[in-house]
Amino acid sequence: QVQLVESGGGLVQAGGSLRLSCAASGSIFRLIGIKDMGWYRQAPGKQRELVATQSRGGSTNYTDSVKGRFTISRDNAKNTVYLQMNSLKPEDTAVYYCNAFSLGSNYWGQGTQVAVSS
């Protein structure tokens, strides 16, 4: 199993910045097997959507609405993934979930709330 713990959410004004962190722990076998790590978000009344992912090799993928504003990064030695969010907009308000894909299984964190006021 892999456990994911997020931190860094909060309330910020539009135009502000936040940095989310997600640390993975668990069996060495599963941690070594992590391929993709990333962030998803779910706003009230909406489906969960991909925000950004990064492969173990460094390839990144972003949803169009955050390109140029958000940056995902990863420290494989620490089994940690980060999401730097700049120029935040009210429509970025959501619960942000960390995700890791390892050995055929998807793992999720408990979520961290991000609220952006106008």
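Colleagues, I begin with the disulfide: Cys-22 and Cys-98 are bonded through sulfur atoms that lie 2.0 Å apart. Please bear in mind throughout that this is a predicted model. A disulfide is a covalent bond between the sulfur atoms of two cysteines. By the distance rule applied here, the count comes to one disulfide.

As to geometry, the link of Cys-22 and Cys-98 is left-handed, with -85 degrees about the S-S bond. The pair connects distant parts of the chain, since Cys-22 belongs to strand E3 (residues 18-26) and Cys-98 to strand E9 (residues 94-102), 76 residues apart.

Are the two cysteines buried or exposed? Cys-22 has a relative accessible area of 0%, so Cys-22 is buried. Cys-98 likewise has a relative accessible area of 0% and is therefore buried. The cut-off behind both assignments is a relative accessible area under 20%.

I turn now to the sheet that contains E3. In which order do its strands stand? The sheet is open and has four strands, in the order E1-E3-E8-E7, and the pairing is antiparallel. Strand E1 (2-7) and strand E7 (70-75) are at the edges; each has a single partner strand, and therefore one side of each is left without a neighbour in the sheet. On average, and with direction ignored, neighbouring strands of this sheet are turned by 15 degrees against each other.

Within this sheet, E3 and strand E8 (residues 80-85) run antiparallel and are joined by six bridges. To give a residue-level example, Arg-19 has Gln-84 in E8 as its bridge partner.

Let me place these elements in the chain as a whole. The protein chain holds one helix and eleven strands. Along the sequence, they follow the pattern β-β-β-α-β-β-β-β-β-β-β-β. The radius of gyration is 14 Å, close to the 13 Å that the globule rule gives for 118 residues, so the protein chain is as compact as a globular protein of that length. Taken along the principal axes, the C-alpha atoms fill a box of roughly 45 × 25 × 20 Å.

Of the 118 residues of the protein chain, 43% count as buried. Among contacts with a separation of 6 or more, 52% are accounted for by residues 24 or more positions apart. The accessible surface of the protein chain is about 6100 Å², and 49% of this surface belongs to carbon and sulfur atoms.

Thank you for your attention.

Note on methods. Residues numbered from 1 in each chain as written. Predicted model: local features only at pLDDT ≥ 70, side-chain atom pairs only at ≥ 80, totals over all residues. Heavy atoms only, no water. Disulfide = S-S within 2.5 Å. Helix = DSSP H or I, 4+ residues; strand = E, 2+ residues; numbered from the N terminus. Buried < 20%, exposed > 50% of the residue type's maximum accessible area, 1.4 Å probe, protein only. Pairing = 2+ DSSP bridges. Axes fitted to C-alpha atoms, helices over the stretch in contact; angles between N-to-C directions. Rg over C-alpha atoms; globule rule 2.2 N^0.38 Å. Contact = heavy atoms within 4.5 Å. Areas by Shrake-Rupley, 256 points an atom, 1.4 Å probe, with all protein chains shown as cover.
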